[in-house]
Amino acid sequence: MVRVTPTSAPTSRTARRPRADATGAQWRPGHPGFAERYRAIVSRDARFDGQFVTAVASTGIYCRPSCPARTPRETGVAFYATSAAAHEAGYRACKRCLPEATPGSPEWNWRGDVAGRAMRLIGDGVIDREGVAGLAARLGYSPRHLTRLLTAELGAGPLALARARRAQLARALIVGTPLPLADVAFAAGFGSVRQFTDTVREVFAVTPSALRARAQPPAPAHIGVAAPAPQALLVGVTLALPVRQPYDASGMFSYLAARAIAGVELAELDLAVGRLRFARTVSLPNGPGVIDVTATRAVGGSDAAAPPTPWTLTLRLALTSLADVPVGVARTRRMLDLDSDPLAVDEALARDPHLAPLVAATPGIRVPGTVDPPELLARTIVGQQISVAAARTHLGRLAAAAGEPVTTGVPGLDQLFPTADALAATLAAQDSADPARPLRLPARQVDTVARVARLIAAGELTLDVGDDPHELAARLGALPGLGPWTAAYVAMRVTGTPDAWIPGDVALLAGGRAAGIVPADLPRPAAFRLLAAASGAWAPWRSYAAAHLWRAALEGVPAHPEPPRKDVP
């Protein structure tokens, strides 16, 4: 798209011409899917940014679909599923459209195959922590076979995919923060400054210092410096979070605020001035940290009939180590569902006459994820059969009793949610006759939390972003005390699948009745069957349809993706 003649050849890869027969070119002229992608770049459709890249043979560069430059001829274009595939084929990133500065592909959430699961785990930094062997072990393959599979599916092996992820984060840190370049190298996940410099020159055809010189002066970083303490958070980074619009920030932040645990989470919602904030402590690979997200937008314009302005999201990380920046960013994006394709979701769901009014009222609805799967499971079990407010109270006491204190420098955040080991030990020691016990719930429910915590602590039960949602739901559903609703709900939020359906959910049924999908006088068993049958038409976006029905069930209650119900955490 952008015809730029290379002015330097820092490495052999940037100097070579792109290979016409490079592996991993998913779409070339005559290939199924090429025509629709070419139409996307002709129309400069921004909704496809991050979902594929356009490689131009005559320039040796790759671009995002919405690149504003002149559209290249069809015969000289190839489309790649990932930027890593374009790197491996010998292309470099466009300096005009910055294809790395985009949301991630929603494909990795809806794909349950090994490629989708691998991409979710790579995004969470598994290769940085455990290497290719660790990634392969999690997926049940040998490293060599996994490399073959990913190269065939995505055009690049696991190391190249992880390298592209590091390059993307490095660019954001170089142009968006005042961090010294040596710190940027380690914050982006590189093993050395030399590796960082070589990769940036190779991918962007410019040195890190030159890339920073071209950027606008970055805003001052948010540094979480506290009084000296063993676990004081000493480093901080502020980054913009790319997100596809529209984004239902008010719904997402309201959902999180309604469930915020004292000491672990906090929320500030001020829709009148267009500012929302959610912050929480989190355990990261190198120590405790804080993720602090702010959503802002302009309000009170002169034209009252004009559509609202988009939300802009900013992430502030306070960390023990800069090495946790990639994981903190990835988990925040998953928690807020920032890689969704809202236009595709809304377009599909709006075809249903019952859902169309809900989609029109709340465009860009999202489904919340989680930053800590074991924590989510514990919260879900505690929240069964009680209200959201009651669950917050119980969880707050439990966090105060079993959680680890942490000095964050952020007022209101001084506690980590308990680990599985701490939960198991605390609940084993609590006296059911003690009125001051941390978790004051029925014995069967307390036993379920303790049993699950012991299984997680012993490594007999695992939950992570790379799980297949159906297999995870089946594993959870087989455990005593965990019914189909809990299993499906946790699997949906842990894996981020867009096509989950929650069986037997009374709030979904209430939303279905409110939307006119289910007759009001139909008995509950028949109503559940009718609603489940209707949900088949909403695939592969049933998670988002559920979010709309949960919203419909609120009937005037302040909006968030899911209404209070007796067994919601």
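Which hand does the crossing of α20 and α21 have, right or left? The first legend answers this, and the model in every view is predicted.

**View 1. Helix α20 packs against helix α21.**
The crossing of these two helices, α20 and α21, is right-handed. Helix α20 covers residues 469–477, and helix α21 covers residues 484–495. Their axes lie 8 Å apart and form an angle of about 140 degrees. Because of that angle, α20 counts as oblique to α21. From α20, the contact takes Pro469, Leu472, Ala473, Leu476 and Gly477. From α21, Ala487, Ala488, Val490, Ala491, Val494 and Thr495 take part. Nine residues of this contact are nonpolar and two are polar.

**View 2. Helix α5 packs against helix α8.**
Residues 114–123 form α5, and residues 158–176 form α8. The two axes are 10 Å apart, at an angle of about 45 degrees. α5 is therefore oblique to α8. The crossing of α5 and α8 is right-handed. On the α5 side, Met119, Ile122 and Gly123 make the contact. They meet Pro158, Leu161, Ala162 and Arg165 of α8. By class, the contact of α5 with α8 holds five nonpolar residues, one polar and one charged.

**View 3. Helix α8 also meets helix α10.**
Helix α10 spans residues 193–204. The axes of α8 and α10 come within 10 Å and cross at roughly 90 degrees. α8 is therefore roughly perpendicular to α10. α8 brings Arg163, Ala167, Ala170, Arg171 and Ile174 to the contact. α10 brings Phe196, Thr199, Val200, Glu202, Val203 and Phe204. Seven residues of the contact of α8 with α10 are nonpolar, one is polar and three are charged.

**View 4. The second largest pocket.**
Several elements each supply at least two lining residues. The helices among them are α6 (126–139), α13 (325–336), α16 (373–383), α18 (420–429) and α19 (443–457). Strand β8 (275–284) contributes at least two residues as well. The lining of the second largest pocket divides into 20 nonpolar, five polar and eleven charged residues.

**View 5. The largest cavity.**
The structure holds three cavities of 30 Å³ or more. The largest cavity has a volume of about 180 Å³. Its lining is made of 16 residues. Leu256, Glu265, Glu375, Arg379 and Arg493 lie nearest the centre of the largest cavity. α12 (249–258), β8 and α16 each give at least two residues to this lining. The largest share, three residues, comes from α16. By class, the lining of the largest cavity has seven nonpolar, two polar and seven charged residues.

The bond from Gln245 to Pro246 is cis, with omega near 0 degrees. Pro246 sits in the loop between β6 (235–241) and α12. The bond from Ala539 to Pro540 is also cis, with omega near 5 degrees. Pro540 is placed in the loop between α23 (524–535) and α24 (542–552).

**View 6. A positive phi at Leu98.**
Leu98 lies in the loop between β5 (92–93) and α4 (107–110). Its phi is near 50 degrees. That is a positive value in a residue other than glycine.

**View 7. Contacts of Val273 across the sequence.**
Val273 belongs to the loop between β7 (265–270) and β8. Val273 and Ala298 are 25 residues apart in sequence. In space, the C-alpha atoms of Val273 and Ala298 are 7.7 Å apart. Leaving out residues up to four places away in sequence, Val273 touches Arg297 and Val299.

Notes
Residues are numbered from 1 along each chain as its sequence is written. This is a predicted model: local features need pLDDT of at least 70, side-chain atom pairs count only at pLDDT 80 or more; totals for chains, interfaces and linings use all residues. Side-chain values use heavy atoms; hydrogens and water are left out. Helices (H or I, at least four residues) and strands (E, at least two) are DSSP runs, numbered from the N terminus. Ala, Val, Leu, Ile, Met, Phe, Trp, Tyr, Cys and Pro count as nonpolar, Asp, Glu, Lys and Arg as charged, and the others, Gly among them, as polar. Axes are lines fitted to C-alpha atoms, for helices over the stretch in contact, and angles run from 0 to 180 degrees between N-to-C directions. Angles under 35 degrees count as roughly parallel, over 145 as roughly antiparallel, 65 to 115 as roughly perpendicular and the rest as oblique. A crossing is left-handed if the near helix is turned anticlockwise from the far one by less than a right angle, and right-handed if clockwise. Contact means heavy atoms within 4.5 Å. On a 1 Å grid over the protein atoms alone, a cavity is a set of points where a 1.4 Å probe fits but cannot get out, and a pocket is an open set with protein on both sides within 12 Å along at least five of seven lines; lining residues have an atom within 4 Å of a point. Grid points are joined across faces, edges and corners, and a volume is the space filled by probe spheres set on the points.
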